[in-house]
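Here are some notes for a colleague who is opening this structure for the first time. They are arranged as numbered points, to be read with the sequence and the model side by side.

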Amino acid sequence: MGNRAGSEELIQLGERIRQKRKDSHLSQETLAEKAGISVNTVSRIEGGQAAMSIEIFAKMVEVLDADANELLGRKPGVKKNPTHKMISRVLNLRPKEQKVVIQTMSVLIDGIEGIR
């Protein structure tokens with residue numbers, strides 16, 4: 001039963017890594033290249049078929065610009081400020097989409113400041 005629990009944790013970790021990779025608009029090939037590992041290793045990690053070293057996990061966190069606790073499935077004690085959540089969402093957009101959001105927000109903020 002201990003192996004099953006470990007396997008289930010690996011599967012869930014792999015699913016969170018896969019989702020974060022997709023949210024970041026990265027292919028397995030790009031993630032592998034940036035993390036310094038093979039595409040096969042990325043595939044096995046995402047499929048929950050392989051554990052990874054601390055070094056590889058740290059590199060994944062860096063490349064995915066992720067929170068380690070989030071990838072590990074741990075819920076932080078303090079909820080994120082809505083502004084931080086929004087910033088995180090914007091950072092996960094493509095550069096052209098980010099530009100549109102930033103321009104829109106600038107117009108809205110200018111309008112609000114003009115009302116004060």
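1. A salt bridge is here a side-chain nitrogen of Lys or Arg within 4 Å of a carboxyl oxygen of Asp or Glu. The model is a predicted one, and by this rule it contains four salt bridges. Arg-18, Arg-21 and Glu-46 are joined in a network of such bridges, and the next points take the members of that network in turn.

2. Between Glu-46 and Arg-18 the side chains meet in a salt bridge, with 3.5 Å from N to O. This pair links distant parts of the chain, since Glu-46 belongs to helix H3 and Arg-18 to helix H1 (residues 2–23), 28 residues apart. As for accessibility, Glu-46 counts as buried at 1% relative accessibility, whereas Arg-18, with a relative accessible area of 28%, is partly exposed.

3. Glu-46 also meets the side chain of Arg-21 in a salt bridge, where the distance from N to O is 2.5 Å. Because Arg-21 lies in helix H1 and Glu-46 in helix H3, the pair ties together parts of the chain that are 25 residues apart in sequence. Both Arg-21 and Glu-46 are buried, and for Arg-21 the relative accessibility is 7%.

4. What else is Arg-21 in contact with, once its neighbours within four places in sequence are left aside? Besides Glu-46, the residues in contact with Arg-21 are Leu-26, Ser-27, Gln-28, Leu-31 and Leu-64.

5. Which residues of helix H3 (residues 39–46) are buried? They are Val-42, Ile-45 and Glu-46, and, seen down the axis of H3, these buried residues fall within an arc of 95°, so they line one face of the helix. Just after H3, Gly-48 takes a positive phi of about 75°.

6. Another salt bridge joins the side chains of Glu-62 and Lys-59, at 3.7 Å from N to O. Here both residues lie in helix H4 (residues 54–63), three residues apart, which is about one turn of the helix. Glu-62 is exposed, with a relative accessible area of 56%, while Lys-59 counts as partly exposed at 28% relative accessibility.

7. Helix H4 also holds Glu-55, which is exposed, with a relative accessible area of 61%. The C-alpha atoms of Glu-55 and Thr-83 are separated by 31 Å, and these two residues are 28 residues apart along the chain.

8. Two backbone angles deserve a careful look, given that most residues other than glycine have a negative phi. His-25 is a residue other than glycine with a positive phi, near 60°; His-25 is placed in the loop between H1 and helix H2 (28–35), and at 42% relative accessibility it counts as partly exposed. Asp-65, likewise a residue other than glycine, has a positive phi near 50°. The position of Asp-65 is in the loop between H4 and helix H5 (68–72), and at 58% relative accessibility Asp-65 counts as exposed.

9. By residue type, the lining of the second largest pocket divides into four nonpolar, four polar and five charged residues.

Definitions and conventions. Residues are numbered from 1 along each chain as its sequence is written. This is a predicted model: local features need pLDDT of at least 70, side-chain atom pairs count only at pLDDT 80 or more; totals for chains, interfaces and linings use all residues. Side-chain values use heavy atoms; hydrogens and water are left out. Ala, Val, Leu, Ile, Met, Phe, Trp, Tyr, Cys and Pro count as nonpolar, Asp, Glu, Lys and Arg as charged, and the others, Gly among them, as polar. Buried means under 20% relative accessible area, exposed over 50%, partly exposed in between (1.4 Å probe, protein chains only). Helices (H or I, at least four residues) and strands (E, at least two) are DSSP runs, numbered from the N terminus. The arc is that of the directions from the helix axis to the C-beta atoms. Contact means heavy atoms within 4.5 Å.
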